[in-house]
Each structure stands twice: as C-alpha cells, then as structure tokens.
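Subject: Structure handover and findings

Hello,

Here is the structure I promised to pass on. Please open it alongside this email. My notes come after it.

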Amino acid sequence: MCQQNSYQIFDRSPISAVTIKVKISPYCSRNSTIMKHFKNYNCSQSMYDVNDFILPATENSAISITTRVTEVEHILGPCNRQRRVNQGNEYSFPNATVKHNCDVKSRCILPPLIRDKDENLTRTKLCWSKIPNVTIRENYQALDYILFIKNYVEFPLLRVVRYNLASSFNAKTYPEDCEYDPDHNKLCPKFRISKILDIIEKNPEEYERMFTLGSLIEIKIIWKCNLDWRVDFCEPQYEFKRLDFLPYQNNPYEPGSNFLTSKHFFEPNNNYLHRLHTTIYNLHIIVSVTGEVGRFDLFTTTTSIGSFLGIFGTGTIVCDLIAAFFTNFKRVKYDS
C-alpha cells in the first residue's frame, strides 16, 4: 500500500504551456568535451543574429535552430524540346538566347499566363534549369545558443499550479548566470545546445552528422510530486532524447531534419524568372510535458483497506476448497 501510494488520489492530466526563447551565450564552449569533434567550430562573432537562424520563427512547444543552409539557383526558360509558338503568345522571353535541356528529372511546365486558358494548345514549354553554383553556409555558432524554457503547469483536480522557475530564482542574478547541468544545476531552465548534444549522444562520430544533416531532439519536462510534503518540493525533472532514426545509413527516408523554401526574383535587365531554392538543415527541438501528482485521500485509503480485507476473506475460501479437495470425505463424520 505504501509502495504503490494506494492511499493517495492522483491527477495525471496536467494542463501545460511552454515558451522558448533563444539567445547567444556570452561565453564560448571551448572547454566542452564535444567541441573537439567539430573541426570547423570557431568562437568568432557571426554577422548574423539568432533571429536569422530560427526558422520558422514560431512553433507550438518547439523550435528549429538552423545549422546548415544550401542554396541552389534555378532559372525558368524554354526547353530544347519546344514546338512552334502560335502568334499572339501572351507570355514570352524577348531576346531569349539560352535554351535549357529538359530531361526526365526536370520539371517542364506551361507558361502560367496561358495555363488556365487552354492546356491543349501548342505552346512553348518551360523548365527550371539549375545554375552550377551552390552556396553552403554553416552556423557553428548555434552550438553556443542558449535555450530559455518557461513552463507553466496546472493540475486542476488537485488545484496545483507550478512553474519550472525554482524558488532560488528569486535572486535577480541567478537566472542570468546559471546553465543546466544534470549533476550540479539540474533546476536551471537554460540549456546550451552543445550540452544537450553531449547528453543525448555518446558516439563522437554522430556529432558532425547531426550538425550537417540536422536532428530531431525531445526535451521532456516531468512533474512527479507527492503533495503530502510541502509544495515547494514539487520540482521538474528534465530528460533529453534523440528521436532520429539511427543509424543514418539505414534510414530508408531522408535522414536528419530539414525543410525546403524558395524565393523568386528577376535580375535587372533580364526577363528570366530566377528561383533561389534553399534547403535548411536544423536541430528541431520539441518540448513535451508530462506529470503526476498525488495527495492523501480518506476515501481512497478506506477503499484500499477494504479491498485488502476482501482479499483475506477470499484467501480463507480458497484454503477451505484446497483442504476439501485433498481430504477423504468418506472418513469425515458429521454429527447430525
């Protein structure tokens, strides 16, 4: 009864809200054990700010920190496999001198201004042709980013409201100076990215892969409290887990975490439409909240005691049946 806390009433349906804020740390992670595995890491200041690498900017209980960006430029132009264009074409490329090879992998399309009018007309087909130059940018400064997680949780059945800001946070300087450490500072809600990677992954070969291909990470906030004690003892526990499919080489789908975006533009004195195709690899961090709180309840306690007494009564019946089964009834004499 004491081991299972059968004398308590439990609330296992918390109502939670999470906000995440990202800042650049004023201190570098040179002394971290995993930094030696990032060959291109440097602690120099970047020309970009944190806001330039948080894409998308807002998510529900999650955040995406960009680690690597590849940009490929395309140009929309007529294919080599083109037919004669009817006169009066509403969409054309004046002084078009470049024609693009459209293979089976290219996407040939009809000009957008005539698409809705007649798909069956013989028109010039267009396709996106890739320009050889590929731009790659790496954001090693992300290893020094700091996540500041604020969590509000409510257990409505027992009317308990808690925050993940410890009582010691009343000091104004403590939240600014602390960083989470599972051994020495396990209540601080500020998490350095390099520290998270060090906790969730012990294989040194995986660090560069996680940075290059992206990774999916879960931060779980666990509230498990015994309200028979002071409510100040109700404190959160943090767990970190990597959700990627491992190993990467056995992943039948695209490994890591990334998404695609594009921008369209025209260059000066050029009627060709350009597209900047961007692949963004990121550390996609998801925050989940679970919890269970219990408190002494008289009704639950009496119900448990009654159940135990019922079990003892059932035991007596079972013992009588066993004794009767092994007893020779012919030798038993009953008085009338």
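Below is what I found, grouped by topic.

One caution before the details: this is a predicted model.

Start with the loop between β2 (15–24) and β3 (62–78), where Pro56 lies. The peptide bond from Leu55 to Pro56 is cis. Its omega is near -10 degrees.

Ser61 lies in that loop between β2 and β3 too. Ser61 is not a glycine, yet its phi is positive, at about 55 degrees. Ser61 counts as partly exposed because its relative accessibility is 26%.

Arg159 also has a positive phi of about 55 degrees without being a glycine. Look for Arg159 in the loop between β6 (145–155) and β7 (160–163). With a relative accessible area of 78%, Arg159 is exposed.

A buried arginine

Arg162 belongs to strand β7. Which side chain of opposite charge is nearest to Arg162? That is Asp232, 4.4 Å away. A salt bridge needs a nitrogen-to-oxygen distance within 4 Å. Arg162 therefore has no salt bridge, although it is buried. The side chain of Arg162 does reach the backbone oxygen of Cys234, at 3.1 Å.

Aromatic pairs

The structure holds 7 aromatic pairs. Take Tyr180 and Phe191: their ring centres are 5.1 Å apart and their planes stand at 45 degrees, so the pair is tilted. This pair links distant parts of the chain, 11 residues apart. Tyr180 is in the loop between α2 (174–177) and β8 (190–192), and Phe191 is in strand β8. Both Tyr180 and Phe191 are buried.

Phe191 also pairs with Phe240, this time edge-to-face. The centres are 5.7 Å apart, with 70 degrees between the planes. Phe191 sits in strand β8 and Phe240 in strand β10 (residues 236–242), so the pair ties together parts that are 49 residues apart in sequence. Phe191 and Phe240 are both buried.

Charges over rings

I noted two cases here. The charged end of Arg12 sits over the ring of Phe10, 4.5 Å from its centre. The charged end of Arg68 sits over the ring of Tyr281, 4.2 Å from its centre.

A buried isoleucine

Ile285 is in strand β12 (residues 273–296). Is Ile285 buried or exposed? Ile285 counts as buried, because its relative accessibility is 1%.

Which residues does Ile285 touch, not counting those up to four places away in sequence? The list is Ser61, Ala62, Ile63, Ile65, Leu147, Ile193, Ile217 and Ile219. One of these, Ser61, is the residue with the positive phi described above. Another, Leu147, is 138 residues from Ile285 in sequence. In space, Ile285 and Leu147 are 10.0 Å apart, C-alpha to C-alpha.

Best wishes

Terms used: Residues are numbered from 1 along each chain as its sequence is written. This is a predicted model: local features need pLDDT of at least 70, side-chain atom pairs count only at pLDDT 80 or more; totals for chains, interfaces and linings use all residues. Side-chain values use heavy atoms; hydrogens and water are left out. Helices (H or I, at least four residues) and strands (E, at least two) are DSSP runs, numbered from the N terminus. Buried means under 20% relative accessible area, exposed over 50%, partly exposed in between (1.4 Å probe, protein chains only). Lys and Arg count as positive and Asp and Glu as negative; His and the chain ends are not counted. A polar contact is a pair of N or O atoms within 3.5 Å; within protein, one must be able to donate a hydrogen and the other to accept it, and residues adjacent in sequence count only if both atoms are side-chain atoms. Rings of Phe, Tyr and Trp (its six-membered ring) pair if their centres lie within 6.5 Å; planes under 30 degrees apart count as stacked, over 60 as edge-to-face and the rest as tilted. A charge sits over a ring if NZ of Lys or CZ of Arg is within 6 Å of the ring centre and within 35 degrees of the ring normal. Contact means heavy atoms within 4.5 Å.
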